[in-house]
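Here is a short tour for anyone meeting this structure for the first time. Take a look at the sequence and the model, then read on.

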Amino acid sequence: MQRAAKSTSRLLRRFWRGLREWCGDAAYERYLRSKGRQSSSSRPLTPAEFYVEQLNRRYSRPNRCC
Amino acid sequence: MKRVFGIVGWIVVAALGAGALGSIALHRGEPLNATWFVVAAVCCYLVAYRLYSAFVAAKVLTLDDTRATPCERHDDGRDFVPTNKWVLFGHHFAAIAGPGPLVGPTLAAQFGYLPGTLWLIAGAAFAGCVQDFVILFCSIRRDGKSIGQMAREEVSERGGFIAQLAVLAIMTILLAVIGLVVVNALKSSPWATFTLAMTIPIALLLGLYLRFVRPGRVLEASVMGVALVLFVVVAGQWVADSPSWARVFTLSGVALAFAIIAYGFAASALPVWLLLAPRDYLSAFIKAGAIFSLAAGILFVRPQVLMPPLTRFIDGTGPVFAGKIFPFCFITIACGAISGFHSLISSGTTPKMILRESHARFIGYGAMLLESFVGVMAMVAACAMPPGVYFAINSPPSIVGGAGDAAARTISGWGYPLQAQTMTDLAHKVGEITLWNRAGGAPSLAVGMAQIFSSTIGGERLLSIWYHFAIMFEALFILTVLDAGTRVGRFMVQDLGGRFWKPFGRTGWMPGVLLSSAVIVALWGYFLYQGVVDPLGGINSLWPLFGISNQLLAAVALVVATTILMKMGRLRWIWVTLLPMAWLVTITMTASYQKIFDANPRIGFLAYAKALAAQIAAGTIPAEKIAETHRLIFNQRLDAAVTGVLAIMILVLIVEALAHWYSILSRRKESQLHESPYIATRWAPDFSGTAHGDD
């Protein structure tokens, strides 16, 4: 019973993380992690700056289909 | 032992699929249960994925997981992002799934359920999925380069330029035709018009919230947005019931066309965070929810398919659009079986996020199988209503003789019994003024979906709510394609214009933004307006034009894929892309020829122009309609010219490719492959890549 509850909770956590990744909710966290891995000393973008920059890039190329 | 069980299991799946397909193909007489469609499609997809895609992955492409993908080499947390394969599958599917697989099969149902269903399944397995998979692979090996760049590098400079022009032309026609589908869905419907109009202030609200209150918190904003959208679906009924408000939201086709044109311009010129992106978030969630609900609804209700396997309209006299099964069934189905537009996505965002080469099989091939399944569900929804009702909704008044008793008699005369009262009752039940002559696919699909949903939850009492939910779902994500497409079109226009006048190419220069937005909107807006005022129903002209251009782009993608396979030395396997390419060239060229030159005015653009000119000469057109008729004649000739130019562009590309292939095969020219150099991956084999540090 406990094992089933544990695996359900793990599954739900994975689903939640996947959902946040899919819809873009986790994009800023991902950007910060990537920034942390790079050796660049430039200031990371703020959440608002990153959000607008990311949207401008995403919607300048085909990203929705017929 | 395990292997034996595996083999036996796959034999059972294959036998089940073959049996279900046989039932669909050979069934006559009593209505068939929709479960057969689901079983046939799912089993065929499983077998195709297990065998054919594995063969393409192993033998044709020889995917290599030891090779670092673009996201590992260029990881920047923005474009190049290592992404879990399930998450990327969701991204890719959300990007490729548009209105095409819903509308195309619904329109193709006029031939009966059989031709469309067979092409949806076989076309996806052997052509559409292969195209998406191979192009994704080629782009991964080239740091995520676009199809245009690959055409330029691997085929020729001219090939790349043609591909770029083809994309712009296709975008223009696509935006016009999907705009027309929305117009026909909202025409004279205050409920649906109100609901869709309200999604704009909701999106603006979300845009402000995501920009200034909680930047980037997409999930919570989307939950609020979806709740508000569902509320306005219900509130639409109050608007429709109020005579004064209903008048405000009851718009003619022309008024709606201008409203959509104005919206497209605004979405292209305004900051992307304000309107376009939040609408896209709403649309993505509602699209995913509606598609899964439809699948669950079909499985739960198991509706009877009332449409016969083949109708009398296989002879080319169909009321929805004219033309025989070959080539028009294939042209009409379009995206549900193969879509050239997918090659833009497969060579766009996805290759920059893919973790391993082997994931390309699941994402490229698998997502297209799912899209094809959406097409099969749309076919089931359209065919689950009585054929008489289907033809009443989808036929233009000039074919069925208007609406009411006269139209019911015409349709009954075709062998599909219908009483005018049935349409009146149905319109009343779904909360519409009328359902006659609502060509475009969206209203008939919404009726089909509403009947399936209401059989699951709410019964007839909720039929009107479900109908308007379905209309809102279709219109919402059609407009998302329209606004995103207009914006991308604007960038293409700026890119082209910037070659002649530098400042025009600057994407932040406001006069350039406004002018380029006006140009792209004027281009598709012209075709949209022309479709709205066309007496034959614009769908008859515009949908085949869209299908032809979309399939031509697929032919371009397969030409590029074949060239790359040849350069990779996979000559033995090039039939994998060469055969679908040859098939696409055959159907698009036949359809182009017929649309231009066929003597039947309902098929041939020039014949229709000639017939109209003859009517003017004979004095049968009233004086006040002569100017309008001259405009119609011009539009028909313009459509013929556009079709001709598209066909010629592709023929030039093919000749170019053939010459290139000849020089490679005869070793006159050294074949140079433009792949990125091999770099070994540093990631552990079990790295699943949701985010570094999470797993």
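Helix 17 of chain B is mostly covered, with 23 of its 25 residues buried. Buried here means that 20 or more other C-beta atoms, placed from the backbone, lie within 10 Å of a residue's own; 12 or fewer makes a residue exposed, and anything in between partly exposed. Helices are DSSP runs of H or I with at least four residues, strands are runs of E with at least two, and both are numbered from the N terminus.

Please keep in mind that this is a predicted model, in which local features need pLDDT of at least 70, side-chain atom pairs count only at pLDDT 80 or more, and totals for chains, interfaces and linings use all residues. Residues are numbered from 1 along each chain as its sequence is written, while chains are lettered from A and ligands numbered from 1 in the order in which they are written.

**A closer look at helix 17**

- Helix 17 of chain B runs over residues 359-383 and reaches 36 Å from its first C-alpha to its last, close to the 36 Å expected at 1.5 Å a residue; the expected span is 1.5 Å times one less than the number of residues.
- A kink of about 25° is centred on B:G366 in this helix, the bend being the angle between axes fitted to the seven residues ending at a residue and the seven starting there.
- B:A381 also belongs to helix 17 of chain B, and it counts as buried because 30 other C-beta atoms lie within 10 Å.
- Beyond its neighbours within four places in sequence, B:A381 is in contact with B:L294, B:L445, B:G448, B:M449 and B:I452; contact means that C-beta atoms, placed from the backbone, lie within 7 Å.
- B:L294 is 87 residues from B:A381 in sequence, yet their C-alpha atoms are 8.8 Å apart in space.

**Chain B as a whole**

- Chain B holds 28 helices and two strands, and 56% of its 695 residues count as buried.
- Of the contacts in chain B between residues at least 6 apart in sequence, 81% join residues at least 24 apart.

**Backbone details to look up**

- The peptide bond from B:F326 to B:P327 is cis, with omega near 10°, and B:P327 lies in helix 14 (residues 325-333) of chain B.
- B:D143 is not a glycine but has a positive phi, near 60°; it sits in the loop between helix 6 and helix 7 of chain B.
- B:N437, in the loop between helix 21 and helix 22 of chain B, likewise has a positive phi, about 50°, without being a glycine.

**Where the chains meet**

- The contact takes 33 residues from chain A and 54 residues from chain B.
- Helix 3 of chain A gives the largest share of the chain A side, nine residues.

**Confidence**

- Chain B averages a pLDDT of 92; pLDDT is the predictor's confidence in each residue, from 0 to 100.
- Over residues 691-695 of chain B, pLDDT stays under 50.
- Where pLDDT is low, the predicted coordinates should not be read in detail.
- The model scores ipTM 0.92 and pTM 0.93.

Notes:
Two residues are in contact if their C-beta atoms, placed from the backbone, lie within 7 Å.
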